Amino acid sequence: MTLLSVAVCRVDVDGCVVLCQETDTSNLWFGKSTMKQLCTFTVRETALRIETSCRLSYKYKNNTCHAYKYPNGLVICAISDDEYNENAAYRLLTEINNDFNLCIKPIEWKSASDF
C-alpha cells in the first residue's frame, strides 16, 4: 500500500487551481519530475470532471486516483497504488479537507493561484 500523491484543488470558472500538492517519489531512481507532472496532470483532469458531492475512484497508468469534490468547490485527490484501501483513501480525503479548512480560510484559498 503506497500513497503517491495528495492534492487540494479549487475548481471555478477559470478551471482548476492546484492549491497544494505533495508527491512521494522516494522509491523512484529516475523519472521523479515526470511522476510529479503525471500526478499534477491527473489531479487537474480529475478535478475538472468530478461532480459536486461525488466520490470517484479510477485506475490510471497502473495507479488509482481517489477524489471527492466538496460543495464549497474544493477537490481533494489522492493517487495511490492499486493495493491502497479505498475506504482508507476516502477517510484520508475527509481528514485533509477538515485540516485544510481549519488552517486556511475560504477568502484566502478562493483567491490563491497555483502552488
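Reader: Start with C20. What makes C20 partly exposed?

Author: First, a caution: this is a predicted model. C20 lies in strand β2. Its relative accessible area is 32%. Buried requires under 20% and exposed requires over 50%. The value for C20 falls in between, so C20 is partly exposed.

Reader: How far is C20 from N98?

Author: Their C-alpha atoms are separated by 15 Å. Along the chain, C20 and N98 are 78 residues apart.

Reader: Why is β2 called largely enclosed?

Author: Because 7 of the 9 residues of β2 are buried, the strand is largely enclosed by the rest of the structure.

Reader: How do you know that β1 and β2 pair?

Author: Two strands pair if there are at least two bridges between them. β1 and β2 are joined by 8 bridges and run antiparallel.

Reader: What makes the pair T23 and S5 a polar contact?

Author: Their side chains are joined at 3.0 Å. The cut-off is 3.5 Å, so the distance falls within it. Setting aside residues up to four places away in sequence, T23 touches L4, S5, K36 and C39.

Reader: Which residues touch the most other members of the largest nonpolar core?

Author: They are C9, V43, A47, V75, C77 and I79. The core has 15 residues. Two or more residues come from each of β1 (3-12), β2 (15-23), α1 (32-49), β4 (63-69) and β5 (74-80). The largest share, 4 residues, comes from α1.

Reader: What does C9 contact?

Author: Beyond its neighbours within four places in sequence, C9 is in contact with C16, V17, V18, L19, V43, A47, G73, L74 and V75. Another core lies apart from the largest one. This other core has 13 residues, including L19, Y70, Y90 and F100. Nonpolar side chains tend to be buried together in soluble globular proteins.

Reader: How do you know that Y70 is buried?

Author: The relative accessible area of Y70 is 13%. That is under 20%, so Y70 counts as buried.

Reader: How many aromatic pairs are there, and what makes Y68 and Y70 edge-to-face?

Author: A search of the whole structure finds 1 aromatic pair. The ring centres of Y68 and Y70 are 4.5 Å apart, and their planes are at 65°. Pairing needs centres within 6.5 Å, and edge-to-face needs an angle over 60 degrees.

Reader: Which charged residue sits over the ring of Y90?

Author: It is R55. The charged end of R55 is 4.3 Å from the ring centre of Y90. The distance limit is 6 Å, so this value is within it.

Reader: How do you know that β3 and β4 pair?

Author: Strand β3 (residues 54-60) and β4 share 7 bridges in the antiparallel sense. At least two bridges are needed, so the strands pair. K59 stands opposite T64 in β4. β3 and β4 form a hairpin with 2 residues between them. In the turn, K61 has a positive phi of about 50°.

Reader: Why is S80 called buried?

Author: S80 is in strand β5. Its relative accessible area is 0%, under the 20% limit, so S80 is buried. The side chain of S80 makes a polar contact with the side chain of H66, at 3.3 Å. Leaving aside neighbours within four places in sequence, S80 is in contact with T2, L3, L4, N63, T64 and H66.

Reader: Is N87 buried or partly exposed?

Author: N87 is in helix α2 (residues 86-103). Its relative accessible area is 49%. Exposed means over 50%, so N87 remains partly exposed. The C-alpha atoms of N87 and H66 are separated by 9.9 Å. These two residues are 21 residues apart along the chain.

Technical notes. Residues are numbered from 1 along each chain as its sequence is written. This is a predicted model: local features need pLDDT of at least 70, side-chain atom pairs count only at pLDDT 80 or more; totals for chains, interfaces and linings use all residues. Side-chain values use heavy atoms; hydrogens and water are left out. Rings of Phe, Tyr and Trp (its six-membered ring) pair if their centres lie within 6.5 Å; planes under 30 degrees apart count as stacked, over 60 as edge-to-face and the rest as tilted. Buried means under 20% relative accessible area, exposed over 50%, partly exposed in between (1.4 Å probe, protein chains only). A charge sits over a ring if NZ of Lys or CZ of Arg is within 6 Å of the ring centre and within 35 degrees of the ring normal. A nonpolar core is a set of buried Ala, Val, Leu, Ile, Met, Phe, Trp, Tyr and Cys residues joined through side-chain atoms within 4.5 Å. Contact means heavy atoms within 4.5 Å. A polar contact is a pair of N or O atoms within 3.5 Å; within protein, one must be able to donate a hydrogen and the other to accept it, and residues adjacent in sequence count only if both atoms are side-chain atoms.
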